[in-house]
Amino acid sequence: MVKPRTRVRQLVSAGIGLVAAALVVTTTVTANYGAASGTTGKGTLKLVAAADTVEVASYDGVAYMEPSVWLAAYDAAFEFRASHTAYDKPVKLTKTIIRGKKRTTTTAPAAIVDGMKGFKDGLRVTLKNKAGKVILDESRPLCPGGYDRQRVQTDGATGPVYPEFCGGNWFTKGVLYGIERGMAVPTVSDLEFETKGETKLTMTMSVSKPVADFLGLPKASRSAKQNLVIVDGCPEGGCEGEGEMGARSAHGADGAHGAHDDQGARTVVPRESLEGAEDGRGRLPLGGGAGGTSHGKPKKSSLPDLVSVPAWQISTAIDEEGTDRLNFAANEWNAGPAPMIVEGFRRGTAPVMDAYQMFYRDGEQVGMKRTGTMEFHEAPEHNHWHFLDFAKYELVDAKDKVVSTSGKQSWCLVPTDPVDLTVPGATLRPGQTGLESACGSKSALWLRESLPSGWGDTYDQSQTQAFDLTKVKNGTYRIKVTVNPDGNLYETTRSNNVSHRTVIIGGKAGARTVTVPPYQGVDTETWWNED
């Protein structure tokens, strides 16, 4: 049976052609005032319904509904910043109303803040049948941002500026989201509920009073009611035998960040001098002319700051060959102020590219340096180019002695997770900066891989990528994650390139165990957003 999905919102974004964040999207929204229907002249948020009656498809008694109620911003942009000073400190959430050049900021009461996710229990969804009986009554976080923007004023913003999500992961430091002037975002990304045999329902969505008061919603615009007509999504058995459709995560389901990255298939490429030819320009592909490689150290304003995040989602498993493994996820991110951009130029007809780090300032390329090598990884679920020299994963003992090493040796870099969108130069929507990033096909002559400011790249390490525990005795160890391990990438500082996460290994062969103490009060071994 096929269960349709209404484009599920995900924090990860690998595999959709993300970009090298050289053209940084600013957080200022320009407001051009003029007549438009539904305006207030003051700047107001309203809850609005797209239709009085909505047809909803049901599959085996479960209905899947696309967004049909919107949170709209009239005559002003509404910007929200959520951040905390430490992982074990509460999240502070501010609202800024932007009218032209005027910005008015207020801080949300702690009681209505739901971490990085938005407003706690801010949205209530109620479903009643024809007899008035309640069949669903639930509260959920209200995210004043979202992926599917709608324009609601003729003189409103001409395109989206803010990110497509609220939230992050355990190690997210700060996020920024909002609604552009004259645009609207969905109150929910999708809604799933049991129909209980009903064919007609009444749905009411409402914003809780504390949240509505803080947002300044008019009393008449705090709720929206719609009639739902339930129809069979699989008439005459049309969905039989097709399997289930679910959301695919970039953390293990796609080629770029798959968990089954067989490094035994990787091409062995000797590391060479990063200086290139004698003139410092390096070799360019297929007889091309020499490019403008920078001489001397690039200025800090054009450099990224690569930071290692402690490992998370750690578990033991037995791989397909019967080997005890320690699985984990790792993320390395860019704290800015400039994007980290690496471009590869093919070395003749070999499956190898010379890699150059490109330096940008104020959206313009100001130089480049030879920085390493790219290789073509020809393996199932991959068949694309990987950049070497980016990170290293090791299991070490109390004296920092390596006891096991990850099989992960190369990367296709894409921004999968926002870590801190409040840092200088942070890119809010990396998919719209105009410089496409791709992992490349086998016939590629050139490609670009990047990490925009504020974003990180997460990989799941399992199977042959995970640590081999065969010769590791029971005891306390640390997962050591090092970004830019050889110092080949230029960045503002290398003081934050290494992170450690304590793990306690136990059990016996074929049944190894792991205990993971919280990191600065953060327990990462439950699923993110799980209460």
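Guide: Two strands are taken to pair if DSSP finds at least two bridges between them, and with that criterion in hand we can read the sheets of this predicted model.

Visitor: Which strands form the open sheet, and in what order?

Guide: The open sheet is formed by four strands in the order β1-β4-β12-β10, and their pairing is antiparallel. At its edges lie β1 (44–49) and β10 (150–151), each of which pairs on one side only.

Visitor: Turning to strand β18, how should I read the directions in which its residues point?

Guide: In a regular strand the side chains alternate between the two faces of the sheet. In β18, Met 340, Val 342, Gly 344 and Arg 346 point one way, whereas Ile 341, Glu 343 and Phe 345 point the other way.

Visitor: Are the residues of β18 (residues 340–346) mostly covered or mostly exposed?

Guide: The strand is mostly covered, with seven of its seven residues buried, where buried means under 20% relative accessible area.

Visitor: Which strands are joined to β18 by bridges?

Guide: Six bridges join β18 to β25 (residues 446–451), an antiparallel arrangement in which Glu 343 has Arg 448 as its bridge partner. Another six bridges join β18 to β19 (residues 352–361), again antiparallel, and there Val 342 is partnered by Gln 357.

Note on methods. Residues numbered from 1 in each chain as written. Predicted model: local features only at pLDDT ≥ 70, side-chain atom pairs only at ≥ 80, totals over all residues. Heavy atoms only, no water. Buried < 20%, exposed > 50% of the residue type's maximum accessible area, 1.4 Å probe, protein only. Helix = DSSP H or I, 4+ residues; strand = E, 2+ residues; numbered from the N terminus.
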